[in-house]
Amino acid sequence: MRKFVLFVFIVGCMPLLSAQTDSLWRDSTLEVCGEWEVRRIEPAKKMTFGAFLNNLTLPFELGCAYSPKAGQTNPGFYTRTGLEYRSYKTVGWCVAAEFDAYTRWYNEVEQSLTNISKGRDWTMDLLVGGGYRFPLVKNLKEYLKRPEYNNKWSLGFTLFAGASCLTLENVTPVEGKDTYNVNIIDTWVPSAKFTCSLEYSINYAISIYTTVGYLQHFIKTPIQKDLVGDLINTIGISFFFR
């Protein structure tokens with residue numbers, strides 16, 4: 001039964017992933033250039049709820065995060081989910097909110113606020129921000145005057161701000177007993193992140209991309225020697241609404 005439901009779901013989603021329509025993200029016009037048909041992006045005559053949904057995308061990323069001076073020996077596993085609104089799919093400004101989660105191993109001689117010198121920390125980031133996406137074309141100036149609808153490659157830059165929560169375990173001995181208490185320490189600090197992503201649009205519904213980024217905490221966390229931030233490398237996929 002489960003296999004049958006999965007099969008029906010996949011078959012039902014195929015038209016969504018392969019169909020083409022003229023009302024995606026923004027209005028478009030069709031012109032003939034020699035033997036080629038070129039679809040150009042035009043400003044929408046009005047903003048409707050359907051047009052708003054067409055500009056939303058759900059990004060999902062997997063990768064690693066590494067803090068050069070946090071004492072860790074290996075990069076940590078990193079995931080990012082969020083919601084992003086784009087003016088166009090492959091060109092123009094965007095705004096986004098995201099939730100990041102990652103875990104790292106650390107190995108320090110002394111710790112602030114905790115007596116654990118070796119272990120794993122869990123971190124989550126709640127961030128909002130915006131940026132701009134440039135199409136990878138030969139003549140960017142001319143392209144921005146009349147952008148093509150089906151451009152494939154783009155380069156995006158985003159800047160985020162928000163807060164990060166670092167979770168550690170603090171182990172303390174119980175006086176007079178051969179037992180220990182384990183307390184969870186949650187440390188919230190303000191943070192910011194800058195990313196650069198190279199994206200390829202498979203079709204109107206799906207894009208894949210790779211991202212490099214830098215996340216900076218503005219207050220030292222318990223396992224940080226100083227305010228050096230995290231280097232982030234990910235690969236991701238975006239699912240667009242229709």
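Colleague: This is a predicted model. What average pLDDT does the chain have, and what share of the residues score at least 70?

Modeller: The chain averages a pLDDT of 77, and 70% of the residues score at least 70.

Colleague: Where in the chain is confidence lowest, and where is it highest?

Modeller: The general idea comes first. Where pLDDT is low, predicted coordinates should not be read in detail. In this chain, the lowest confidence falls in helix α1 (residues 2–18), with a mean of 42. The highest is found in strand β9 (residues 206–217), at 94. Over residues 2–28, pLDDT stays under 50, and the model has 45 contacts beyond four places in sequence for that stretch.

Colleague: How many helices and strands are there in the chain?

Modeller: The chain has three helices and ten strands. Read from the N terminus, these elements run α-β-β-α-β-β-β-β-α-β-β-β-β.

Colleague: In what order do the eight strands close into a barrel?

Modeller: In general, the strands of a sheet pair through backbone hydrogen bonds, in either a parallel or an antiparallel sense. Here the order around the barrel is β3-β4-β5-β6-β7-β8-β9-β10, and the pairing is antiparallel. From one strand to the next, the twist averages 25 degrees.

Colleague: Over how many bridges do strand β7 and strand β8 pair?

Modeller: Strand β7 (residues 153–173) and strand β8 (residues 180–201) are joined over 21 bridges, in the antiparallel sense.

Colleague: What share of the residues of the chain count as buried?

Modeller: Of the 242 residues, 39% count as buried. The accessible surface of the chain comes to about 13,900 Å², and 65% of that surface belongs to carbon and sulfur atoms.

Colleague: Are E61 and R80 buried or exposed?

Modeller: Both E61 and R80 are buried.

Colleague: Which residue forms a salt bridge with K193?

Modeller: K193 forms a salt bridge with E98, and the closest N and O atoms are 2.6 Å apart. This pair links distant parts of the chain, with K193 in strand β8 and E98 in strand β5 (residues 92–107), 95 residues apart. K193 has a relative accessible area of 3%, so K193 is buried. E98 is buried as well, with a relative accessible area of 5%.

Colleague: Which parts of the chain does the pair of E199 and R133 tie together?

Modeller: The side chains of E199 and R133 meet in a salt bridge, at 3.2 Å from N to O. E199 lies in strand β8 and R133 in strand β6 (residues 118–135), so the pair ties together parts that are 66 residues apart in sequence. E199 counts as buried at 3% relative accessibility, and R133 counts as buried at 4%.

Colleague: Which residues do salt bridges that share partners join into one network?

Modeller: That network consists of E61, R80, E98, D100 and K193.

How values were computed: Residues numbered from 1 in each chain as written. Predicted model: local features only at pLDDT ≥ 70, side-chain atom pairs only at ≥ 80, totals over all residues. Heavy atoms only, no water. Helix = DSSP H or I, 4+ residues; strand = E, 2+ residues; numbered from the N terminus. Buried < 20%, exposed > 50% of the residue type's maximum accessible area, 1.4 Å probe, protein only. Areas by Shrake-Rupley, 256 points an atom, 1.4 Å probe, with all protein chains shown as cover. pLDDT = per-residue confidence, 0-100. Contact = heavy atoms within 4.5 Å. Pairing = 2+ DSSP bridges. Axes fitted to C-alpha atoms, helices over the stretch in contact; angles between N-to-C directions. Salt bridge = Lys/Arg side-chain N within 4 Å of Asp/Glu carboxyl O.
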